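Open the structure in your viewer and keep the selection tool at hand. This tour goes stop by stop.

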Amino acid sequence: MLEIDDQPQPFKVSPGFIAFVGLFFLPIVLAVAVYVGAWLVADDVRAAEARQEQTAGFNVEREGGSVAGWKKALVGICPVH
Amino acid sequence: MSRLAQNVLGRFGAALQYTDFRNLWIANAFGQAGAWGLIVTRGILIYDETESSLLVGTATFAAMAPLFFIPPIVGVLADRMDRRTILAWTYGVNTVQNLAMLFLAVSGLLEVWMIVVFSGLNGVARAAQLPTAQAMSASLVPRENLLNALSLQASTQHGSRLIGPGIVTPLVAAFGASAGFLACAIFYVIGWWKVSQVSRRQPAASLERQSFVENFVGGLSYVYVRPVLRFMMVLALIHCGLTMAFESLLPTFSHEKLTGDASGFGTLLMGVGVGAFFASLFVGGIQTSMARGNVMIAAGIMSGLGQVVLSFTSVLWLATFAAALMGAAQAGFMTMSQAVTQSIAADEFRGRVASLNTLGLGGIMATMNLLNGSLADHFGATALLFWEGLFFAAIVLLSLLAVTGRRVYGRAPALEASAA
């Protein structure tokens, strides 16, 4: 039923091979970087949000001791945080 | 048994006539039910104790994270060692960690950090179990029953999402989390018992003469130099990225178009699950190469267009129906793609091929869920569902123009020289 055959070609490390490997491994590296990164900065973001709630009209991103925009973005895109 | 029942079982359960596969299938069914039952038990327990969705998410993430780094290691091991031994260990580890949580819960010593650690352990065992079981299924049945075998395994995987929590949730509600841990431990013990009944098979001795890294790179190059195998795996990867990373879109879609909040999310997920379950069973009954190719093309196109249809719906019942269609097409396409890859791969490479699949698909779905989640805030979930679905349907149509694509779909003459 599954009579599909495949004709192997000679192997050499080529840009195509590197792209192929990247296709399988890069998404994982990216996902792990986001998860770990968000985990590392989540406390900073939550602390800043709590300060923001306490002080009406307080702009978290411009004040000293506030949280950087990239940290908020990182936590924002991580589904776990 | 009536003649009709015999015919149905003979067609849709053909692989079950092989004792070793039957044992593996039963083990897989109990293992999957245990895994989903455990997710529910952990979730209820942590939420009851802490009322923190974040901690529930952390425990679930701890169970999922090993899927990112365990498969490459296990893939090599599954080709170097007896696969039955690896599987038996995974069931053993899961039984022990469930019994440990049961003991700690009964004695009142169980804390949230312990559950997270046990979740990680459960994840490691599960990440080893999935590719090993896939590689093993392919070696327990003849090639003509491979699609049937993998479809039975896939239907078990989808069905267990309903059955595992369906059994465990009332137990946890009535008797507490301890009952959930006990039920999951029993599931895993039965799985371990059935796995231990599968015959041992000697792995290829040549692999042990190479280093672990050489084996791993050997697996990558093995896939890369085979155009059909490479094509199928890359297409499956694109399929998962564009059509299966919808979890982060559905709550927003439900809010945008259906119920005004995220409450339609669960109903849509159920639709996807039910569709996937029946489609997995259905593809197992396909008997000719041409039919398999045709169904695969149709499933690929429908997988994309199902998402497009879903994006146009604004009534929950209709959206659920579209989600079921989408789930059916996705599961059918993925089952057939796995059957194609496993049928091409030589047995001593099947562990590495299955692990590369698990790794790639898990990674792309995690990343695309992240990307979709953040893009949905700017462009809306409805637009993303529409364009990503349409894009994948177009890719499937375009793939018919390539000779390798036509070979995958059974529309090109077979090669004279078979794969080495």
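**Start with the whole complex.** This is a predicted model. The predictor gives the complex an ipTM of 0.78 and a pTM of 0.84.

**Select chain A.** Chain A has 81 residues, and 21% of them count as buried. Its secondary structure consists of two helices and zero strands. Look at how chain A touches itself. Among its contacts with a separation of 6 or more, 61% join residues 24 or more positions apart.

**Now show chain A against chain B.** How many residues of each chain are in contact? Chain A brings 27 residues and chain B brings 47. On the chain A side, select α1 (15–54) and α2 (69–77); each supplies at least two residues of the side that touches chain B. Which helix gives the largest share? That is α1(A), with 12 residues. Colour this side of chain A by class. You get 21 nonpolar, three polar and three charged residues.

**Move to chain B and colour by pLDDT.** The mean for chain B is 88, and 96% of its residues reach 70 or more. Next, select residues 416–420 of chain B, where the pLDDT is below 50. Beyond near neighbours in sequence, this stretch has eight contacts in the model. Where pLDDT is low, the predicted coordinates should not be read in detail.

**Select helix α4 of chain B, residues 70–80.** Is this helix largely enclosed or open? Of its 11 residues, 10 are buried, so α4(B) is largely enclosed by the rest of the structure. Click along the helix: the buried residues include B:Ile70, B:Pro71 and B:Pro72 at one end. B:Asp79 and B:Arg80 are buried too.

Show α5 (83–106), α6 (112–140), α9 (212–224) and α15 (350–379) of chain B. These helices are among the cover over the buried residues of α4(B).

**Keep α4(B) and α9(B) on screen.** Two packed helices are described by the angle between their axes and the distance between the axes. Here the axes come within 10 Å and cross at roughly 95 degrees.

**Last stop: show the side chains where they meet.** From α4(B), select B:Pro72, B:Gly75, B:Val76, B:Asp79 and B:Arg80. They meet B:Phe212, B:Asn215, B:Phe216 and B:Gly219 of α9(B). By class, the residues of this contact are four nonpolar, three polar and two charged.

Conventions:
Residues are numbered from 1 along each chain as its sequence is written. Chains are lettered from A and ligands numbered from 1 in the order in which they are written. This is a predicted model: local features need pLDDT of at least 70, side-chain atom pairs count only at pLDDT 80 or more; totals for chains, interfaces and linings use all residues. Two residues are in contact if their C-beta atoms, placed from the backbone, lie within 7 Å. Helices (H or I, at least four residues) and strands (E, at least two) are DSSP runs, numbered from the N terminus. Ala, Val, Leu, Ile, Met, Phe, Trp, Tyr, Cys and Pro count as nonpolar, Asp, Glu, Lys and Arg as charged, and the others, Gly among them, as polar. A residue is buried if 20 or more other C-beta atoms lie within 10 Å of its own, exposed if 12 or fewer, and partly exposed in between; C-beta atoms are placed from the backbone. Axes are lines fitted to C-alpha atoms, for helices over the stretch in contact, and angles run from 0 to 180 degrees between N-to-C directions. pLDDT is the predictor's confidence in each residue, from 0 to 100.
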